[in-house]
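Work through the exercises below with the sequence and the model side by side, and try each task before reading its solution.

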Amino acid sequence: MCVRLQVAWVKADTQTLLSIEETMISRNYRLRVSHSDANTWFLHVGKALLEDRGYYMCQVNTIPMLFRKGYLEVVVPPNIVDEKTSGDTEVGEDAPSALFCVASGYPSPTVEFRRENGLPIRMGGTNGATGKKAYLFSP
């Protein structure tokens with residue numbers, strides 16, 4: 001008796017069966033499967049989203065099962081959230097002030113304040129530390 005070998009794709013970290021051969025099990029319209037010959041199969045992720053990150057596994061129904069896992073990393077470019085970021089601010093010398101900048105993205109971006117002229121930004125008031133950069137980390 002000859003068993004027909006089949007290829008399946010699985011989202012390994014959630015154990016979600018995505019496809020068997022060319023039949024899509026997943027209802028995620030951004031996923032599709034193709035093959036160039038009987039031995040070379042591809043899982044295509046169209047317009048990848050952050051939630052697509054994770055391990056994917058290609059498996060063949062042999063005994064024992066043959067499989068390979070690979071990790072899909074999805075990078076989201078940095079974006080400054082305008083409605084949560086302060087605009088131009090004017091204060092008197094030695095008066096307290098606060099600048100806010102909220103950025104999103106993956107991995108989380110680092111926000112850096114700089115003066116246009118390169119002069120140091122004094123932090124912490126009269127006795128505060130002086131430096132050329134103030135680093136804030138986005139939530």
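**Exercise 1: Placing Leu 43**

Leu 43 is buried, with a relative accessible area of 19%, where buried means under 20% relative accessible area (1.4 Å probe, protein chains only). This is a predicted model, in which local features need pLDDT of at least 70 and side-chain atom pairs count only at pLDDT 80 or more, while totals for chains, interfaces and linings use all residues. Residues are numbered from 1 along each chain as its sequence is written, and side-chain values use heavy atoms, with hydrogens and water left out.

Task: find the strand that holds Leu 43 and the residues in contact with Leu 43.

Solution: Begin with strand β5, residues 40-45, in which Leu 43 lies; strands are DSSP runs (E, at least two residues), numbered from the N terminus. Next, setting aside neighbours within four places in sequence, Leu 43 is in contact with Trp 9, Leu 18, Arg 32, Val 33 and Tyr 56, contact being heavy atoms within 4.5 Å. Finally, the C-alpha atoms of Leu 43 and Arg 32 are separated by 6.0 Å, although these residues are 11 residues apart along the chain.

**Exercise 2: The core**

Task: list the residues of the largest nonpolar core, a set of buried Ala, Val, Leu, Ile, Met, Phe, Trp, Tyr and Cys residues joined through side-chain atoms within 4.5 Å.

Solution: The eight residues are Val 7, Trp 9, Leu 18, Leu 31, Val 33, Trp 41, Leu 43 and Tyr 56. Then look at the elements: β1 (7-11), β4 (31-37) and β5 each give two or more residues to this core.

Terms used: Helix = DSSP H or I, 4+ residues; strand = E, 2+ residues; numbered from the N terminus. Buried < 20%, exposed > 50% of the residue type's maximum accessible area, 1.4 Å probe, protein only.
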